[in-house]
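Dear colleague,

Please find below the structure I am handing over to you, followed by a summary of what was found in it.

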Amino acid sequence: MKNRIFQDYIVYDDTEPCPYLPGEIARMPLAIPSQFMNGNEADRRFAAGQRRSGEFVYTTDCPACNACQPIRVDVEKFRPNSSQRKAWRRCVPMITAVVAPLTNDQRHIDLFNLHRQARGLERESPVNMESYSWGLGRSCFSAFEINYFMADRLMGVAICDRGQISLSAVYTYYDPAFLAYSPGTYSILRQIEYCRENQMRYLYLGFFIAQSPHMAYKSNFRPHERLLGGQWTEFD
């Protein structure tokens with residue numbers, strides 16, 4: 001069976017408990033891309049709300065819920081609020097950001113599992129080398145990671161997919177011991193800075209979900225746009 005928008009080949013299409021909202025049923029068909037993912041094609045897919053898990057792509061198609069709203073920031077329009085400026089000023093002198101190829105090693109996996117545990121996901125089995133590599137350590141897009149170091153200690157990682165004029169923030173994880181530095185906020189600001197430095201217009205932040213505390217914070221980056229009814233709508 002093919003994806004009707006991009007003619008991708010669907011390899012998994014079933015309902016499952018929603019990973020974001022308790023009690024909801026999710027449907028996120030996984031597909032093998034049918035086209036070579038150059039920068040322009042990546043931009044087109046990001047703009048359609050498409051995400052990836054490893055080398056597969058997906059969009060939400062849930063049977064009775066439309067809470068997931070793709071969200072992006074036009075980096076030229078974005079203006080940080082006071083708390084975001086404060087987080088940036090605090091982190092810049094302390095944190096070194098290093099752009100690197102996607103990495104699959106035990107240090108990254110241990111940090112990823114530590115972050116999951118802090119988010120209350122310890123009920124799930126810890127990620128191992130195989131599952132980390134399958135989900136984050138490879139991509140059908142041009143991909144890289146930004147490693148965040150405080151002194152010589154790896155304290156956070158941002159996984160990114162790149163298009164010609166846009167960047168997709170796939171996943172950020174960090175050591176909860178550094179929570180006081182607002183590492184999640186800093187990571188988004190750092191990725192916005194990357195876009196500006198590389199003449200890229202949009203940073204895609206995945207899904208905004210108003211009812212999920214882990215996903216609702218994305219609306220604090222303003223102005224931003226959300227994909228509603230097939231159209232990108234700006235929110236000031």
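The model is predicted, and the count of aromatic pairs in it comes to 15. One of them joins Phe112 and Tyr132: the ring centres lie 5.7 Å apart and the planes stand at 75°, so this pair is edge-to-face. Phe112 belongs to helix α3 (residues 106-118) and Tyr132 to helix α4 (residues 129-135), so that the pair links distant parts of the chain, 20 residues apart. Phe112 is buried at a relative accessible area of 9%, and Tyr132 is buried as well, at 2%.

The rings of Tyr171 and Tyr173 have centres 6.4 Å apart and planes at 35°, and the pair is therefore tilted. Tyr173 has a relative accessible area of 0% and is buried.

Turning to helix packing, the axes of helix α2 (residues 82-91) and helix α5 (residues 183-197) come within 9 Å and cross at roughly 85°, which makes α2 roughly perpendicular to α5. On the α2 side, Gln84, Ala87, Trp88 and Cys91 take part; they meet Thr185, Tyr186, Leu189, Arg190 and Glu193 of α5. The residues of this contact comprise five nonpolar, two polar and two charged.

Finally, the disulfide count is zero. For Cys160, the nearest cysteine sulfur is that of Cys195, 8.3 Å away, whereas a disulfide requires the sulfur atoms to be within 2.5 Å. Cys160 is buried, at 0% relative accessibility, and Cys195 is likewise buried, at 0%.

With kind regards

Methods:
Residues are numbered from 1 along each chain as its sequence is written. This is a predicted model: local features need pLDDT of at least 70, side-chain atom pairs count only at pLDDT 80 or more; totals for chains, interfaces and linings use all residues. Side-chain values use heavy atoms; hydrogens and water are left out. Buried means under 20% relative accessible area, exposed over 50%, partly exposed in between (1.4 Å probe, protein chains only). Axes are lines fitted to C-alpha atoms, for helices over the stretch in contact, and angles run from 0 to 180 degrees between N-to-C directions. Helices (H or I, at least four residues) and strands (E, at least two) are DSSP runs, numbered from the N terminus. Angles under 35 degrees count as roughly parallel, over 145 as roughly antiparallel, 65 to 115 as roughly perpendicular and the rest as oblique. Contact means heavy atoms within 4.5 Å. Ala, Val, Leu, Ile, Met, Phe, Trp, Tyr, Cys and Pro count as nonpolar, Asp, Glu, Lys and Arg as charged, and the others, Gly among them, as polar. Rings of Phe, Tyr and Trp (its six-membered ring) pair if their centres lie within 6.5 Å; planes under 30 degrees apart count as stacked, over 60 as edge-to-face and the rest as tilted.
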